[in-house]
Amino acid sequence: MQMPTPSADILARKTEIVACLRQVLPASAVIDDPFETKAYECDALAAYRCPPLAVVLPASTEETAAALKACHEMGVPVVPRGSGTSLAGGALPTEDSVILGVARLTQVLETDYENRFIRVQSGRTNLSVTGAVETNGFFYAPDPSSQLACAIAGNIAMNSGGAHCLKYGVTTNNLLGVKMVTMAGEIIEIGGAHLDAAGYDLLGLICGSEGQLGVVTEATLRILAKPEGARPVLIGFDSNEVAGACVADIIRAGVLPVAIEFMDRPVIRAAEKFTHAGYPDVEALLIIEVEGSEAEIAEQLGKITEIAQKHNPVELRESQSAEESANIWKGRKAAFGAMGQINDYMCLDGTIPVSKLPETLRGITALSKQYGLDVGNVFHAGDGNMHPLILYDANKPGDLELCEAMGADILKLCVEVGGCLTGEHGVGVEKRELMHAQFGADDLEVQMAVKDVFDPKWLLNPAKVFPLDASEGRR
Amino acid sequence: MTPATEAELAEIIAQAKTPFEIIGGGTRQIGRVEGTPLHTGGLSGISLYEPEALTLVAQAGTPLAEIEALLADNNQRLPFEPYDLRALQGTTGTPTIGGVVATNASGPRRISAGACRDSLIGVRFVDGLGRIIKNGGRVMKNVTGYDLVKLLAGSHGTLGVLTEVSFKLLPAPQATATVLVGEGEATSATTMAKAMASPYDVSGAAHAGGVTVLRVEGLEGSVRYRSEALATLLGGESGPFDWEAQRDVQAFAGRVGDVWRVSVKPSDGPATAEALRKLGAEEVLFDWAGGLLWVLAEAGSDLRAGLTSGHATLIRGEGQAFPPEPSPLATLSAALRQKFDPRGLLNPGRMG
């Protein structure tokens, strides 16, 4: 993976740049000690590391604006950072960039149960948003698996999803407004407690723009009333095709579960070994969760099990208690960690039309043989978002490159069958060069023209999202 | 002009020297445009429908009725309940799916299923330079590149001419029930907020003429359970209600006066209605749990002065149709429009 050559001029001006940042920010908000900036050298795509020139940690929107304005005037690139949980390298610095972290912006600014929203500073973690409203019977729906650590700022930048999007949508469907600072230091407010924009849907444009259009410091989020209850059922099949057909039949029957999770045999085995969740040793496992009152849950699960029985499942286990529900989810939630016990792994994030599941899984198996690397599949089966986990050995020279090449081939396969490169992790640096596989030159040109509007000098997270050859003339 | 293919449309725009008025079915036109009529009706047909994947792709000029009929045959539907303003606006064309997207037309289910922009997962369009652009796709989870899909929804044909649109669908419900609560406007916002704060998954919350109505949809047993629970919670009872009439604002059809569509913070609804009455509003219907006001007003009234939050669009009548944006946003919007349509060919005069 290539990054642009850092600007020698900026590196030479480091002392002056840091001094200028200290002039506009409190002393504790500017970090330039190389031992401390090292903590910001990577995000969750840990294979790539590069300490930044400096780090700023503003404690308010005004301080964020001051920092951005100063960097803008000095021509210094800025890389925004939430909690650094990006799997795509969205917060990966360059040597000549300043990291702008929102970690100190953690306050709840307003909770309004009558109008069902919460306004928070963007450094607040996803789970703690729900934490702030759950005693009143509400929750914030998007639930990325990193939700204990990940920040709302990063959720907005990447338009994060989660396991329950089939019913509740992703971040963009639950975001009502933002306060944002542009690279030039201008503070703007978009949206709010009312629905839908007056003019263009700038909010929809900001969400998922990977921190390239502005730094979000506050967010107004939709909160929802908690359902009365939820219960999963676990269904095992002896073939991926049959599991896929069962999912299709459930959706066709008009039942809309809140989550349909799919795991294949390598992941089932790893998860079982790691968590002893009691998973059967089958080819494909579905976890389907429904919500509602006791009677509603029974009505939905009745329909689902009736459909599933027609596909001759090897095992069908409806949870009978909170403890059993937790057990059913335990293995799925620990799946990535369990695979990590076996080896290093790379987690992909392509989305496919759900009808192409069997074909795509066969293609992945063929690629696994071709490259000689094992792969396990976790899949949000309701919405087509796949998470193939490719196992490799980071200590073996050449293995990472082999794994990346195989990952690229899997993502190209996702695009070929009608899907896309990334469903919820974002492009970052990881999939940047693959954008040519999904988009034509004009498609990319129009997107880059949008960045020209918000950040004409291309200083905000400039080496991300767009293939370096496509963005070269602008950066 | 009525191009028959996307390529032909691209050629027409690339060669053009003078502006166009983009027309789908011509049933949702807001504000005035001076330009050569450019019809999208030649780009018609459903390109892909996968019920088991809850996905539909259609050319922009496809009649909405054709899509809704196909979905109904398969017990599915567009989640956002697009409204039909023909009776209200006195138009007679055939509504197209492209027009629905261009105006982000979203009915009462907006509060639970989102707006048109929330179900829209992909677009193809021709920009003001005649370039064919695609964004999003046919899968419901997609964060690859910037989300121009949302930007195009509700852009009223000013950023590009839509040629193809893709949607995420929902199953049609087995059953529907409405709970009616007799009460005045002042307390309706609280009733609707209480319903929305309940776990009963309310998919419509409206108020007019001394009655607040709450809708639940889903499996039969579940609908029975939730409508009973809501009736107990709010002190109402189940009964009939015409949600299609609510959606299409039929109450104001054929009546004299301007029609405004106002989006506010729901709890501001009743106070806003009071303020608007002082400025010429004659009748107010509430939807979206009180956050959407359909207002019939004396012709020529300017209701915008009465808003403390949100925005107002003049749907029928003479005057500034689109709400003005605050300056930093107006500057960004103008700059975006300049990038998508540097020659000012697409619906000049519409949207600011």
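Five strands of chain B form an open sheet in the order 3-4-8-6-7, with antiparallel pairing. Strands count as paired if DSSP finds at least two bridges between them. Helices (H or I, at least four residues) and strands (E, at least two) are DSSP runs, numbered from the N terminus. This is a predicted model: local features need pLDDT of at least 70, side-chain atom pairs count only at pLDDT 80 or more, and totals for chains, interfaces and linings use all residues. Residues are numbered from 1 along each chain as its sequence is written, while chains are lettered from A and ligands numbered from 1 in the order in which they are written.

**The sheet in chain B**

- Strand 3 (46–50) and strand 7 (132–136) of chain B are the edge strands; each has a single partner strand, so one side of each has no neighbour in the sheet.
- From one strand to the next, the twist averages 10°. Axes are lines fitted to C-alpha atoms, for helices over the stretch in contact, and angles run from 0 to 180 degrees between N-to-C directions.
- Four bridges join strand 3 of chain B to strand 4 (residues 55–59) of chain B, in the antiparallel sense.
- Glu50(B) has Thr55(B), in strand 4 of chain B, as its bridge partner.
- Helix 1 (residues 6–15) of chain B packs on the sheet and touches strand 6 (120–126), strand 7 and strand 8 (161–168) of chain B. The direction of helix 1 makes about 50° with that of strand 6 of chain B.
- Contact between two residues requires C-beta atoms, placed from the backbone, within 7 Å.

**Chain B as a whole**

- Chain B has twelve helices and 17 strands.
- Its radius of gyration is 20 Å, close to the 20 Å of the globule rule for 352 residues, so chain B is as compact as a globular protein of that length. The radius is taken over C-alpha atoms; the rule is 2.2 Å times the number of residues to the power 0.38.
- Along the principal axes, the C-alpha atoms of chain B fill a box of roughly 65 × 50 × 35 Å.
- Buried residues are 59% of the 352 residues in chain B. Buried means 20 or more other C-beta atoms within 10 Å of a residue's own, exposed means 12 or fewer, and partly exposed lies in between; C-beta atoms are placed from the backbone.
- Of the contacts in chain B between residues at least 6 apart in sequence, 71% join residues at least 24 apart.

**Selected residues**

- Thr40(B) sits in the loop between strand 2 (36–39) and strand 3 of chain B. It counts as buried because it has 26 C-beta neighbours inside 10 Å.
- Neighbours within four places in sequence aside, Thr40(B) is in contact with Ile22(B), Gly24(B), Ala60(B), Gly61(B), Thr96(B), Gly98(B) and Val161(B).
- The C-alpha atoms of Thr40(B) and Ile13(B) are separated by 13 Å; the two residues are 27 apart along the chain.
- Asn104(B) lies in the loop between helix 4 (97–102) and helix 5 (110–113) of chain B. Its phi is near 50°, a positive value in a residue other than glycine. Asn104(B) is buried, with 23 other C-beta atoms within 10 Å.
- Trp458(A) belongs to the loop between helix 17 and helix 18 (468–471) of chain A. Its phi, near 55°, is also positive in a residue other than glycine. Trp458(A) counts as partly exposed, with 19 C-beta neighbours inside 10 Å.

**Domains**

- Bounds come from an automatic or database domain assignment.
- Chain A is divided into domain 1 (1–226), domain 2 (230–336) and domain 3 (343–434).
- In chain A, the C-alpha centres of domain 1 and domain 2 lie 35 Å apart. Four residues of domain 1 of chain A are in contact with six residues of domain 2 of chain A.
- Chain B has domain 1 (6–171), domain 2 (175–242) and domain 3 (250–316).
- In chain B, 31 Å separate the C-alpha centres of domain 1 and domain 2. Five residues of domain 1 of chain B are in contact with six residues of domain 2 of chain B.

**Interface of chains A and B**

- The contact takes 75 residues from chain A and 69 residues from chain B.
- On the side of chain A that touches chain B, helix 17 of chain A gives the most, with eight residues.
- That side of chain A divides into 33 nonpolar, 27 polar and 15 charged residues. Nonpolar covers Ala, Val, Leu, Ile, Met, Phe, Trp, Tyr, Cys and Pro; charged covers Asp, Glu, Lys and Arg; the others, Gly among them, are polar.
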